[in-house]
Amino acid sequence: MSSIIAPASLSKPVDKRSSVARLLDAVFTTRCAGCDAIGAPLCHTCRFILLEASRIGPSAGTPDGVITAVSMTGSARRVIHGLKYRNRRAVVEHVAGMLAARVLAAGIAPHSDVTAVTWAPTHPDRRRSRGYDQAELLARGVARCLGLPVVRLLERVDNGAPQTGRSRDERLGGPAFTGRRSRHRAVLLIDDVVTTGSTLAAARGALRTAGVSNIVSAAVAATPARAHRSGTRSIPTAA
Ligand SMILES: [Zn+2]
């Protein structure tokens, strides 16, 4: 077997363990999604930091009418990136519980204000490559916390590349969805991260077309306003 030697300029800090040892470590060692400490999927310190952040709520940047738990910064950012990009699915229950608590704190009453939970599906390419849809996992977790059924009401129209990797103008245009009819007329719509609000706005439009008359939108994290302040629009909660 030939070995590949990376140029010195590209090499990372030297890990002297064999590639097998590193692979076994990656497969069998549980690390915190927030700080990478060995142990639990989310260590006590990161849990505490997240809980405190969700008590305060996002500092700014949440589009009007969207309930959010935390700002997409620091530990919260690392945990949500872990869920989205590094297969850290074990944090879902914790993060979903945090968002469910914010929904209740916003005065939303399960079974009367909303009768079901749904989600804005991620891009089909993303779902295929990850093997799961983090927004769906979050919706299922929130639904369990609130004692509500989870229903798939939206399909993402595959109109090209996923959101990341597209230009800001393309992202502001947002993805497109089609809605499915169901007996539910009042639903809680879940996404993982809200930036301009365009994804949730498109999802709400499709739900309304499918006959949902009351939509409460919630996302775990709001991207801080500075990067998209000029693109932020005011979005009503429901039709
Ligand atoms: Zn941690």
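**View 1. D36, an exposed residue in a loop.** With 11 C-beta neighbours inside 10 Å, D36 counts as exposed. You will find D36 in the loop between α1 (19-28) and α2 (44-56); helices (H or I, at least four residues) and strands (E, at least two) are DSSP runs, numbered from the N terminus. D36 is not a glycine, yet its phi is positive, about 75°. Most residues other than glycine have a negative phi.

A word on the model: it is predicted, with local features needing pLDDT of at least 70 and side-chain atom pairs counting only at pLDDT 80 or more, while totals for chains, interfaces and linings use all residues. Residues are numbered from 1 along each chain as its sequence is written.

**View 2. N87, in the loop between α3 and α4.** Here too a residue other than glycine has a positive phi, near 60° in N87. N87 counts as partly exposed because it has 13 C-beta neighbours inside 10 Å.

**View 3. An open sheet of 4 strands.** Follow the strands in the order β1-β6-β5-β2, with parallel pairing; two strands pair if DSSP finds at least two bridges between them. β1 (66-71) and β2 (116-119) stand at the edges with a single partner strand each, so one side of each has no neighbour in the sheet. Neighbouring strands are turned by 20° against each other on average, direction ignored. Axes are lines fitted to C-alpha atoms, for helices over the stretch in contact, and angles run from 0 to 180 degrees between N-to-C directions. β1 pairs with β6 (residues 214-222) over 5 bridges in the parallel sense, and I67 has A218 in β6 as its bridge partner. Helix α4 (residues 92-105) packs on the sheet, touching β1, β5 (186-194) and β6, and its direction makes about 130° with that of β1. Helix α8 (residues 198-209) also packs on the sheet and touches β1, β5 and β6; its direction makes about 160° with that of β5. Touching means contact: two residues are in contact if their C-beta atoms, placed from the backbone, lie within 7 Å.

**View 4. Helix α6 (residues 134-146) and its buried residues.** Among the buried residues of α6 are L137, L138, G141 and V142. What covers the buried residues includes α3 (74-85), α4, β2, β5 and β6. After α6 comes G147, whose phi is positive, near 70°.

**View 5. L138 and the largest nonpolar core.** This core has 57 residues, and L99, V117 and L138 are those with the most contacts inside it. A nonpolar core is a set of buried Ala, Val, Leu, Ile, Met, Phe, Trp, Tyr and Cys residues joined through C-beta atoms within 7 Å. Not counting residues up to four places away in sequence, L138 touches V92, V95, A96, L99, W119, I190, D192 and V220.

**View 6. R156 in strand β3.** R156 counts as buried because it has 22 C-beta neighbours inside 10 Å. L154 and R156 form the covered face of β3 (residues 154-157), while E155 and V157 form the uncovered one. β3 and β4 (residues 176-179) run antiparallel, joined by 4 bridges, and F177 in β4 is the bridge partner of R156. Beyond four places away in sequence, R156 touches P121, H123, P124, P175 and F177.

Conventions
Buried ≥ 20, exposed ≤ 12 C-beta atoms within 10 Å, placed from the backbone.
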